[in-house]
Amino acid sequence: MQTPIEFVQWLRSVAPYIHAFRNKTFVVAFPGELVLAGALPVLAQDLSLLHALGIKVVIVHGSRPQVAEQLALRNAKERFHNGLRITDSAALECAKEAAGELRLDIEAAFSQGLPNTPMAHAAIRIISGNFVTAKPLGVIDGVDLELTGVARKVAYETIHPILDAGGLVLLSPLGFSPTGEIFNLTMEDVAVAAAIALRADKLIFISEIPMMIDAAGEDIRELSSHQAEAVLGAGFLPSDASFYLQHAIKACNGGVARAHIVPFALDGSALLELFTHDGVGTMISYQNLETLREATIEDVGGILKLIEPLENDGTLVKRGRELIEREVENFSVIEHDGVIFGCAALYPFPAEKMAEMACLTVNPEVQAQGDGERILKHMENRARAQGFKKLFVLTTRTAHWFLKRGFVAASVDALPKDRQHMYNWQRKSLVLVKTL
């Protein structure tokens with residue numbers, strides 16, 4: 001951002017997310033590789049910002065490379081089965097040492113408070129404890145995983161008051177049984193169990209893997225849980241990406257609204273994922289987040305925000321809030337995760353079986369992604385459903401876009417009689433008509 005105006009515009013653009021996320025619960029999980037890469041201090045700064053914005057944060061850390069390092073120091077061999085560590089007594093001791101060291105490192109990172117840094121005046125308190133009850137995984141495919149376990153219960157009744165009091169909760173990949181045993185867990189399992197138990201609004205994996213890509217080499221930005229299951233079944237993802245994805249699906253199917261998998265190699269990836277439209281990772285939801293629907297009175301503010309810049313530069317005819325409120329049933333909107341990014345209105349002329357489409361607008365930040373065409377098709381279908389045979393638009397600047405999509409130029413005489421009387425000869429808008 002080079003100018004104060006750009007800063008103000010940016011700050012206004014993230015305001016809807018800030019309002020939407022306040023008092024929500026996010027579980028943020030990251031692997032031990034992030035700590036090895038030296039990215040912990042920066043992540044702590046980003047998570048402290050989320051905390052300052054009123055978001056309740058639960059942190060889950062991994063420790064696989066740290067456990068491997070401890071085993072190497074003891075000249076002990078690592079053993080795995082289907083990607084899961086076989087935890088004998090020596091490996092469990094290494095897991096306990098790694099978890100203790102990482103916990104101290106994380107607490108230190110959140111204790112930063114130097115002036116002129118993002119952590120200045122933060123004063124964040126991290127609370128950890130025996131919040132995870134676990135049980136042994138047992139024997140799988142004839143292989144005894146020994147002290148490797150799976151989360152059985154997360155003490156949500158203890159964690160919620162801590163979050164409500166302004167603290168952050170830290171969970172390690174260790175669990176405890178009612179008989180006093182300790183089990184080595186995976187970070188992903190603990191994170192999913194915590195997110196489901198806490199009824200978290202988001203589960204965010206800050207992962208060591210790059211952006212997931214599909215079989216055609218395209219970025220996978222957003223999936224419903226059903227689509228994600230199909231991707232897993234196709235078998236083209238690497239094993240580590242599949243492991244993250246299957247846990248994200250489990251979280252969504254367990255009631256978590258959104259699960260995100262973002263690469264920690266990109267600085268600020270958590271913030272970019274949360275506060276930009278497309279994000280920088282893969283988002284999984286139980287249902288598709290983007291909806292194209294008819295507008296309601298609650299959408300008037302979002303519609304005004306979209307069309308006002310175009311009204312100010314003369315692209316659209318000015319409409320006041322009162323007019324939009326009266327005509328809101330004519331509008332359709334495209335909404336993504338609670339934010340309106342596009343709209344259009346349909347005005348009927350029943351006598352001539354024609355309808356006018358007006359105010360077709362898409363947020364400039366997400367143009368060229370096909371949303372405009374999706375809205376157009378929606379409005380065409382809406383017009384057909386009402387029995388109209390032709391759809392027309394009046395435009396001064398976007399004629400080429402409509403001509404490419406089947407509209408043809410026409411004269412003012414081609415308009416319905418009532419619309420001819422309202423034609424603004426000073427604007428000299430082009431008339432374009434499409435037969436439905």
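**Ground rules.** I worked on a predicted model, taking local features at pLDDT of at least 70 and side-chain atom pairs at pLDDT 80 or more, while totals for chains, interfaces and linings use all residues. I numbered residues from 1 along each chain as its sequence is written, and side-chain values use heavy atoms, without hydrogens and water.

**Overall.** I looked up the secondary structure and found 15 helices and 23 strands (DSSP runs: H or I of at least four residues, E of at least two, numbered from the N terminus). The C-alpha atoms fill a box of roughly 90 × 55 × 35 Å along the principal axes. Of 436 residues, 49% are buried (under 20% relative accessible area, 1.4 Å probe, protein chains only).

**Cores.** I then checked the nonpolar cores (buried Ala, Val, Leu, Ile, Met, Phe, Trp, Tyr and Cys joined through side-chain atoms within 4.5 Å). The largest has 55 residues; Phe30, Leu50, Ile59, Phe110, Ile206 and Phe275 touch the most other members. Helix α3 (residues 40-52) gives the most to this core, 5 residues. A second, separate core has 46 residues, including Leu185 and Cys252.

**Helix α9.** I took residues 239-253 next. The expected span (1.5 Å times one less than the number of residues) is 21 Å for its 15 residues, and the end C-alpha atoms are 21 Å apart, so the two agree. Its buried residues include Ala241, Tyr244, Leu245, Ala248 and Cys252. The buried residues of α9 pack against α7, β13, α8, β15 and β16 (contact: heavy atoms within 4.5 Å). After α9 comes Gly255, with a positive phi near 110°.

Technical notes
Buried < 20%, exposed > 50% of the residue type's maximum accessible area, 1.4 Å probe, protein only.
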